[in-house]
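Dear colleague,

I am passing on a structure that you have not worked with before, and my notes on it follow below. Please read them with the model open beside you.

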Amino acid sequence: IDFSDLTEAVPAYLCMIAMPLMYSISEGIAFGIMSHTVIHLLCGKGKKVSILMYVLSFIFILKYIFI
């Protein structure tokens, strides 16, 4: 993890914190994927994120909306 780039370090840290707080590795990974995409979009680095990450983030957001 490149800790000098906060757009990479913050989602990894949030993923590590979410896993024990949510009692689920998969929920922590989902939170990490969503935060990675959102943070990159907010910082103007949206082109650096792959299309697969956008699709996964969209699916996870829909999951949390409808569940």
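In these notes a residue is called buried when its relative accessible area is under 20%, exposed when that area is over 50%, and partly exposed in between, with a 1.4 Å probe and only protein chains counted. The accessible areas come from the Shrake-Rupley method with a 1.4 Å probe, and for residues only the protein chains shown count as cover. This is a predicted model, in which local features need pLDDT of at least 70 and side-chain atom pairs count only at pLDDT 80 or more, while totals for chains, interfaces and linings use all residues. Residues are numbered from 1 along each chain as its sequence is written, and side-chain values use heavy atoms, with hydrogens and water left out.

I begin with the interior. Helices, here and below, are DSSP runs of H or I with at least four residues, strands are runs of E with at least two, and both are numbered from the N terminus. Thr 37 is located in helix α2, which covers residues 25-42, and with a relative accessible area of 3% this threonine is buried. Contact means heavy atoms within 4.5 Å, and if residues up to four places away in sequence are not counted, Thr 37 touches Val 49, Met 53, Tyr 54 and Ser 57. His 36 is also found in helix α2 and counts as buried, at 16% relative accessibility. Leaving aside neighbours within four places in sequence, the contacts of His 36 are Thr 7, Glu 8, Pro 11, Val 49 and Met 53.

Tyr 54, one of the residues that Thr 37 touches, lies in helix α3 and counts as partly exposed because its relative accessibility is 29%. Apart from residues up to four places away in sequence, Tyr 54 touches Thr 37, Leu 41, Gly 46, Lys 47 and Val 49.

A nonpolar core is a set of buried Ala, Val, Leu, Ile, Met, Phe, Trp, Tyr and Cys residues joined through side-chain atoms within 4.5 Å. The largest such core here has six residues, namely Ala 30, Ile 33, Met 34, Val 49, Met 53 and Phe 60. Both α2 and α3 (51-66) supply at least two residues of this core, and the largest share, three residues, comes from α2. Ala 30 is in contact with Phe 60 and Tyr 64, once its neighbours within four places in sequence are set aside. In soluble globular proteins, nonpolar side chains tend to be buried together.

A patch is made of residues with over 30% relative accessible area and no salt bridge, where like charges are joined within 9 Å and nonpolar side chains (Val, Leu, Ile, Met, Phe, Trp, Tyr) within 5 Å. Ile 1, Phe 3, Tyr 13, Met 16, Ile 17, Leu 21, Met 22 and Phe 31 make a nonpolar surface patch of about 860 Å². Helix α1 (residues 6-22) gives the largest share of this patch, with five residues. Ile 1 sits in the segment before α1 and counts as exposed, at 62% relative accessibility.

Next come the charged pairs. A salt bridge is a side-chain nitrogen of Lys or Arg within 4 Å of a carboxyl oxygen of Asp or Glu, and by this rule the count comes to four. Lys 45 forms one with Asp 5, the closest N and O atoms being 3.4 Å apart. Lys 45 lies in the loop between α2 and α3 and Asp 5 in the segment before α1, so this pair ties together parts that are 40 residues apart in sequence. Asp 5 counts as buried at 16% relative accessibility, whereas Lys 45 counts as partly exposed at 31%. Lys 48 also forms a salt bridge with Asp 5, with the closest N and O atoms 3.8 Å apart. Lys 63 forms a salt bridge with Glu 27, where the closest N and O atoms are 3.0 Å apart. This pair links helix α3, which holds Lys 63, to helix α2, which holds Glu 27, across 36 residues. Salt bridges that share partners join Asp 5, Glu 8, Lys 45 and Lys 48 into one network.

Finally, a disulfide is a pair of cysteine sulfur atoms within 2.5 Å, and the structure holds zero disulfides. The sulfur of Cys 15 is 18 Å from the closest cysteine sulfur, in Cys 43, which is too far for a bond.

With best regards
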